[in-house]
Amino acid sequence: MLLGGMFGIIIGIILGLTGAGGGILAIPALVIGLGWTMTQSAPVALFAVSAAATVGAMDGLRKDLVRYRAALLMALLGAVFSPVGVYLAHLLPNAALISLFSGVMIIVAIRMARQAYRSQARTTDDERPREHKNCMLNPETGRLRWNPRCSTTLAVIGSVSGLLTGMLGVGGGFLIVPAFQQFSDIRTHGIVATSLMAIALISATAVMGAIHAGAHITTTGGVFIAASVCGMLLGRMLSPRIPAKAIQLGFSAVCIVVAGYLMLKTWM
């Protein structure tokens with residue numbers, strides 16, 4: 001139980017420093033640190049990510065940064081597809097799930113590292129040139145212009161995020177945030193706040209689906225969840241004092257090392 005609390009605090013700090021994408025390390029912490037299987041780890045990791053994302057979403061709501069309809073649409077589609085992911089997770093062998101998860105971790109690490117170097121080359125977020133994207137804000141109202149193209153884009157993002165959330169036990173922030181950056185002109189703070197709300201709802205749905213499928217959260221899992229929320233709050237306090245590039249590159253390095261270790265442990 002003590003070990004679960006220690007890992008929970010570490011994962012929570014990483015969540016606080018990196019945002020919702022840091023939840024991808026919750027599964028390795030449980031698989032490597034506690035020796036659990038993927039199917040045992042997924043509901044606990046999802047619960048921890050959902051709790052942390054809820055705290056962040058509440059802060060975004062307080063600051064009026066959340067795009068409510070976009071978050072609800074993605075969460076609705078995510079809720080539909082997350083049980084499919086849970087079902088597939090119970091069909092696939094543990095080795096296949098870990099291999100797929102490791103591949104996702106490597107992709108996330110590469111994207112994070114590229115983002116760190118790109119951020120040096122551009123100016124501030126507000127000075128970025130506006131270009132036409134699938135989901136555009138109305139400059140007069142400040143709200144999204146809802147049309148078939150925007151609705152379809154958000155529906156696809158939510159569906160894929162829900163599928164991966166149920167299958168791999170990840171919150172989906174590693175997918176939703178870059179997708180929003182690619183397909184909308186919403187500013188960074190609004191993207192993160194909207195993503196956190198969607199992740200909190202999708203993860204909560206996936207947790208219920210996993211529990212309905214027979215998973216249960218042990219006492220050690222409960223300690224991990226509580227500790228991760230405490231660690232997340234600590235991480236949010238530390239994040240302004242650490243350069244963003246250092247956080248991103250450090251997170252990328254940790255993902256690569258953990259993914260490699262998981263693969264070696266599984267196949268050798």
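What average pLDDT does the protein chain reach, and what percentage of the residues score at least 70? The chain averages 81, and 93% of the residues score at least 70. Please keep in mind that this is a predicted model. Below is a short tour of its confidence, its cores, a surface patch and a few individual residues.

**Confidence along the chain**
- Helix α6 has the highest mean pLDDT among the elements of the chain, at 89, while helix α7 (residues 173-183) has the lowest, at 78.

**Nonpolar cores**
- The largest nonpolar core holds 38 residues, and Ile-24, Leu-25, Met-38, Phe-101, Met-105, Leu-168 and Phe-224 have the most contacts inside it.
- Two or more residues of this core come from each of α1 (2-18), α2 (26-33), α3 (38-62), α5 (94-121), α6 (148-168), α9 (219-238) and α10 (244-267).
- Helix α5 gives the largest share, eight residues.
- As background, nonpolar side chains tend to be buried together in soluble globular proteins.

- Leu-61, Tyr-68, Leu-72 and Leu-201 make a nonpolar surface patch of about 340 Å².
- Within this group, Leu-72 belongs to helix α4 (residues 68-91).
- Leu-72 counts as partly exposed because its relative accessibility is 46%, which falls between the 20% and 50% cut-offs.

**Gly-162, a buried glycine**
- Gly-162 sits in helix α6 and counts as buried, since its relative accessibility is 0%.
- Apart from neighbours within four places in sequence, its contacts are Gly-78, Phe-81, Ser-82 and Ile-202.
- Gly-162 and Thr-220 are 58 residues apart along the chain, and their C-alpha atoms are separated by 26 Å.

**Asp-64, a residue with positive phi**
- Asp-64 has a positive phi of about 60 degrees, although it is not a glycine.
- Most residues other than glycine have a negative phi.
- Asp-64 lies in the loop between α3 and α4.
- With a relative accessible area of 57%, Asp-64 is exposed, because exposed means over 50%.

Conventions: Residues are numbered from 1 along each chain as its sequence is written. This is a predicted model: local features need pLDDT of at least 70, side-chain atom pairs count only at pLDDT 80 or more; totals for chains, interfaces and linings use all residues. Side-chain values use heavy atoms; hydrogens and water are left out. A nonpolar core is a set of buried Ala, Val, Leu, Ile, Met, Phe, Trp, Tyr and Cys residues joined through side-chain atoms within 4.5 Å. Buried means under 20% relative accessible area, exposed over 50%, partly exposed in between (1.4 Å probe, protein chains only). Helices (H or I, at least four residues) and strands (E, at least two) are DSSP runs, numbered from the N terminus. Patches are made of residues with over 30% relative accessible area and no salt bridge: like charges are joined within 9 Å, nonpolar side chains (Val, Leu, Ile, Met, Phe, Trp, Tyr) within 5 Å. Accessible areas come from the Shrake-Rupley method with a 1.4 Å probe; for residues, only the protein chains shown count as cover. A salt bridge is a side-chain nitrogen of Lys or Arg within 4 Å of a carboxyl oxygen of Asp or Glu. Contact means heavy atoms within 4.5 Å. pLDDT is the predictor's confidence in each residue, from 0 to 100.
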